[in-house]
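Trainee: Hey, can we go through this one together? I'd like to start with the overall layout.

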Amino acid sequence: MSVRTLAQKQPASFAFKAEYMERANRVIAKYPKGRQASAVIPLLDLAQRQEGWVSRPAIEEIAKILGMAPIRVLEVATFYTMFSLHPVGRHHVQVCTNLPCQLRGSDAVVKACREKLGCELGETTADGQFTLAEVECSGACVNAPVVQIGDEYFEDVDAASMGKIIDALKRGEKLAHGPQNGRLHSAPAGQRTSLNDAPTPPPKQDLAAAKAAYDKAKAEAAAKAAAPKT
Amino acid sequence: MPKLTIDGRQVEVPANTTIIQAAEVAGVEIPRFCYHERLSIAGNCRMCLVEVEKSPKPVASCAMPVGEGMVVHTRSAKANKAREGVMEFLLINHPLDCPICDQGGECDLQDQAMAYGGDRSRYQENKRAVKDKNMGPLVSTIMTRCIHCTRCVRFATEVAGVPELGATGRGEDMEITSYLEKSLSSELSANVVDLCPVGALTSKPYAFNARPWELRKTESIDVLDALGSSIRIDTRGRDVLRVMPRLNESINEEWLGDKSRHAIDGLRYQRLDRPYIRGANGKLQEASWADAFNAIARRVVGLNGSRIAAIAGDLVDCESMFALKQLMISLGSPNLDCRQDGAALDPSVRASYLFNSTIAGIEEADAILIVGCNPRKEAPVLNARIRKRYLKGGLSISVIGENVDLTYPYHYVGATPDLIANCKPPEGSKKPMLILGQAALARPDGAAILEAARRVAEQTGTIKDGWNGFNVLHTAAARVGGLDLGFVPVADGKDTLGILNGATKGEVEVVYLLGADEIDTSRLGKAFVIYQGHHGDRGAHRADVILPGAAYTEKSGTYVNTEGRAQVAARASFPPGEAKEDWAIIRALSEALSKTLPFDSLDQVRAAMRKATPSLGALDTITKAEWKPFGTAGTISATPFKFSISNYYMTDPISRASPTMAKCTEQFAMGATPRTGTDG
């Protein structure tokens, strides 16, 4: 992660399209009057969905809509790394390179991406179709290595499957996301190695006996308190 | 009220106070960076960690409310270890540049690292570096030193009311910045320098000038607006190097306007350091005191008193106004005035020209009507007090005047004075307040507006037992003192307008300007003008004889603030060259005119002045003024109000001479002029 600043080149203006404005209004309506500022994160997200990234005019427009100072919106936009403050390609390829992914071979995935796309980490391809980025933990370590493209997670990728994904995207096809090695969700790859036995049922509780014991203890304590002190 | 024990001391404090506040009551010091009693609680520096019994972890005492029977240890091994750890983290990225840091010697981080930190660093890695930000001509930034306490952010948002500062990024990449690196557009911006516990925000004009221990500190009173804020003047030798606010709950709390703080470099420029006489060639020539006095005596002696007039300026102390009044009386002149702007202030009723509710009284008000006044420019510290009251809630504010940003929302009534008669505070207001500005009074129908304001105040319950919400906000530090002294036309004497008209027509032959620069000097006609003051400003340019006086930091003088609170400003340094204290000049001149005034020392002037006007002797107290009818009923014109201050940064001879104020004017008052890229 590096210092996140606004892009040098900014569009002249920003306005929500009717469809996005309607969604924004729905979000704003969720919060009580005077607390509209709470909608800042969803609105930034909507702006990013509309434009692909968060621009300075977008920040100012959101500030205006929510009645906040622009700096307050900028604080939020720079805090969350999932808001892109610079233009990104049509496909934002985010490769996780944190420890579990790296142990499972994310270096090879990054290498495959660089070769396939012809651009380095943090760069956008010349045709503006792909932006390659390295991200911190995506939170899907069980299916490491993980690559997020747009809203979708491609899991259990390796160099070969990564190449296939990029090729498909280049052709404009839509691929099935999720594990790329035939795994079902995060079920074990291959045979089950644990939890092979039937689960042990939880111990049965004799609630009546427990209540009797409790009442008895309580009565004894009461009797002890009532007894004259010797 | 919960009782708790802090370091073995029992204290009882109101519920919902925090441990750090309770510790203050108990007299226990807890180190802190982000906590500030006038700002909201952030709880992000963690320096105030203390041990609370039965709590598994150290507790941030600034954010933890007290509880009944709490036992707090601030110096236990656990607390000390926690602080040492926090300090080690804070110092990880803090540069070791104390020798070149302006905060050195008055740095919270330096002091607390000494007191609570470890004795060596275990950190081997690289320190981070942060790009410096532009925060305008008053605040210099070295952002690598920032420890992210966010005091400046909270000050800008809460007190100054300009939410322009913020913290972008997070973790190690967090940076304090203004939106798009614009200068902070507040008249209180330099207060962030005082708030910054490290050397990240320091004073730009004072950069690399001095170390705190080299400075002589004089506690005094500010005169660049009419609040009389408490200040400390730091001098080295004869130079005034900086002005800092002093704590004064009843006036400025602990804030100070940018002009009051930074106009002081104007004390070094354009000074009148010796007498001048206008020669036959029309040019001012250096002269001796004796020659100057003789030149005046030649014109004045034998002249009918009615052809002599005196106008006192905005920065003049009461002692010199008193001395000049005595001199004018002995010369038989009824023409004297301290209202340079021609404001229709009624000197006969004290309640008519005071901020009667007092400044602290703003916090009790529940409805405020502001008429012809821009408190943000005329008294920024007072404006911060109104904002503080607004933030508490339950305050309705209405404004008649120009529609400007006052840092709080208000109901805009309109721009013309005739609207005042219809203004009513909302139903159920218990303590309504009316603030009348100089823009409402310094106009031809000023007396009628004053009368209308009085009637509105009387009808809306602004005046009642135990509450007088009729307030006049002055812009000149000398004004209330002058009115208290009666530095106004005697009997049928001429006021400022009359004097100027008389001078134009030739009826007034000698005009004595005591630091008066805000008049239209082109209307002085052929009159012989004596200018006594400290700066070569408008008055001095027109003068025939210049008598060099002392500025407010160079003399001990009484000033009465807009509330009617008399305070004595102290002398911090000496006037330059041959300049003298003002009362002494008038005393010496009186001798040259054979009208010797009966005092030889400052004490004697003061005693005579206090005998004549006892309120000037009651220092730092408010005497409730009696409510009597005032103002003159008349027609009020529909001319919209025009605020008396257009440029906050240049209102008086000192700030007009100040290079720093010139930079501020360029940046804030003149509007954004695009830089071409070739002008540096």
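Trainee: So how is chain A divided into domains?
Mentor: Into domain 1 (18–79) and domain 2 (91–179), with bounds from an automatic or database domain assignment. Keep in mind that this is a predicted model, where local features need pLDDT of at least 70, side-chain atom pairs count only at pLDDT 80 or more, and totals for chains, interfaces and linings use all residues. Residues are numbered from 1 along each chain as its sequence is written, chains are lettered from A and ligands numbered from 1 in the order in which they are written, and side-chain values use heavy atoms, with hydrogens and water left out.

Trainee: How far apart do the C-alpha centres of the two domains of chain A lie?
Mentor: 29 Å.

Trainee: And where does the largest pocket lie?
Mentor: Between domain 1 and domain 2 of chain A, because both give residues to its lining.

Trainee: Which residues lie nearest the centre of the largest pocket?
Mentor: T81(A), M82(A), S84(A), H92(A) and Q94(A), out of 48 lining residues. A pocket here is an open set of points on a 1 Å grid over the protein atoms alone, where a 1.4 Å probe fits, with protein on both sides within 12 Å along at least five of seven lines; lining residues have an atom within 4 Å of a point.

Trainee: Switching to F155(B), what is it in contact with?
Mentor: Leaving aside neighbours within four places in sequence, F155(B) has contacts (heavy atoms within 4.5 Å) that include L39(B), L188(B), V192(B) and W255(B).

Trainee: What about the second largest pocket: which residues lie nearest its centre?
Mentor: V193(B), D194(B), L195(B), M244(B) and R261(B).
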